[in-house]
Amino acid sequence: MIRLTHVSARYTPETEVLKSVDLHLEAGGFYFLSGGSGAGKSTLMRILSLTKPASGGTVEAFGQRIDSLSHADLPSIRRKIGLVVQDYHLLDHLTVRENVALPLKIAGEKTSEIREKVQELLEWVDIADHADMYPPTLSGGQKQRAAIARAVIRSPELILADEPTGNLDPALSLKVMYLFQALNKMGTAVLFATHDENLISLFDYPVLHLKDGVLTRRS
Ligand SMILES: Nc1ncnc2c1ncn2[C@@H]1O[C@H](COP(=O)(O)OP(=O)(O)OP(=O)(O)O)[C@@H](O)[C@H]1O
Ligand SMILES: [Mg+2]
């Protein structure tokens, strides 16, 4: 699905933030991404979501080498990837329902179909009661569930979740984790970044560990 070979990343010429990372995310897999603050987790997520180019090595996504593609080809590949970020990126002037509907609206789907899909997902993430509220009036957990609904509404093949439980208490973290697990059981690949070793220990998924930009895998 996505393969990185000897990938490096930098923001400035002097510092290499990712160092020769080899990584293969398989279709339908579930992976944790662990590592301390500044280890490079979000940077790796940016490379995988094709929002930041690698400074060395090769990135292949869905069978194509990214450096061989033109700018115009990228959106169709990015569409297969759903992103959940730690600070939610919800639009404050839109209701929860409108936020979740936005990707479908942009894609030009019919209003009646959008309404139905959005309602179904809002119920699934258990936030339908707050559908007509605006993000600033929601709790962190409610915002996170709205962001998850928005990330999955176009049925991506891969979900990249960057510390989706970072601001949640343990009970809610587990609830959010179960949502990702359910998505995975329906066939979506998931890369779940967290520094919560306790959460990781509750599940039997492979762990990709980043330290100072070097990635190792423990199963
Ligand atoms: N936009 C940027 N410009 C310059 N340096 C950056 C930028 N983003 C991140 N870095 C640097 O890259 C390194 C890795 O950062 P990154 O955000 O990938 O870490 P992280 O593992 O996600 O950390 P955290 O757990 O705190 O979110 C850090 O040293 C950071 O300072
Ligand atoms: Mg980060």
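This is a predicted model: local features need pLDDT of at least 70, side-chain atom pairs count only at pLDDT 80 or more; totals for chains, interfaces and linings use all residues.
Residues are numbered from 1 along each chain as its sequence is written, chains are lettered from A and ligands numbered from 1 in the order in which they are written, and side-chain values use heavy atoms, with hydrogens and water left out.

**Ligand 1**

Which residues are around ligand 1? They are Tyr-11, Val-17, Gly-36, Ser-37, Gly-38, Ala-39, Gly-40, Lys-41, Ser-42, Thr-43, Arg-46 and Glu-163. To be listed, a residue needs a heavy atom within 4 Å of the molecule. By class, 3 are nonpolar, 6 polar and 3 charged. Here Ala, Val, Leu, Ile, Met, Phe, Trp, Tyr, Cys and Pro count as nonpolar, Asp, Glu, Lys and Arg as charged, and the others, Gly among them, as polar. Helix H1 (residues 41-48) gives the most to this shell, with 4 residues. Helices (H or I, at least four residues) and strands (E, at least two) are DSSP runs, numbered from the N terminus.

| Residue and atom | Distance to an oxygen atom of ligand 1 |
|---|---|
| Ala-39, backbone N or O | 3.2 Å |
| Thr-43, polar side-chain atom | 2.5 Å |
| Glu-163, polar side-chain atom | 3.2 Å |

The protein covers 57% of the 630 Å² of accessible area that ligand 1 has on its own. Accessible areas come from the Shrake-Rupley method with a 1.4 Å probe; for residues, only the protein chains shown count as cover.

Is Ser-37 buried or exposed? Its relative accessibility is 83%, so it counts as exposed. Buried means under 20% relative accessible area, exposed over 50%, partly exposed in between (1.4 Å probe, protein chains only). The C-alpha atoms of Ser-37 and His-195 are separated by 8.2 Å, though the two are 158 residues apart along the chain.

**Helix H5**

H5 (residues 140-152) has 13 residues. From first C-alpha to last it reaches 19 Å, close to the 18 Å expected. The expected span is 1.5 Å times one less than the number of residues. H5 is largely enclosed by the rest of the structure, because 11 of its 13 residues are buried. Among them are Arg-145, Ile-148 and Arg-150. The buried residues pack against strands E6 (81-84) and E7 (158-162), and against helices H3 (96-106), H4 (111-124) and H6 (170-185).

**Helix H6 and beyond**

H6 has 16 residues and reaches 22 Å, close to the 22 Å expected. At its start, a side-chain oxygen of Asp-169 reaches to within 3.2 Å of the backbone nitrogen of Ala-171. Gln-181 lies in H6 and counts as buried, at 14% relative accessibility. Its side chain makes a polar contact of 2.9 Å with that of Tyr-205. Gln-181 also touches Phe-30 and Phe-203 (contact means heavy atoms within 4.5 Å), not counting residues up to four places away in sequence.

Just after H6, Gly-187 takes a positive phi of about 115 degrees. Thr-188 lies in the loop between H6 and strand E8 (189-193). It is buried, with a relative accessible area of 11%. Leaving aside neighbours within four places in sequence, its contacts include Gly-28, Pro-156, Ile-159 and Leu-183.

Definitions and conventions. A polar contact is a pair of N or O atoms within 3.5 Å; within protein, one must be able to donate a hydrogen and the other to accept it, and residues adjacent in sequence count only if both atoms are side-chain atoms.
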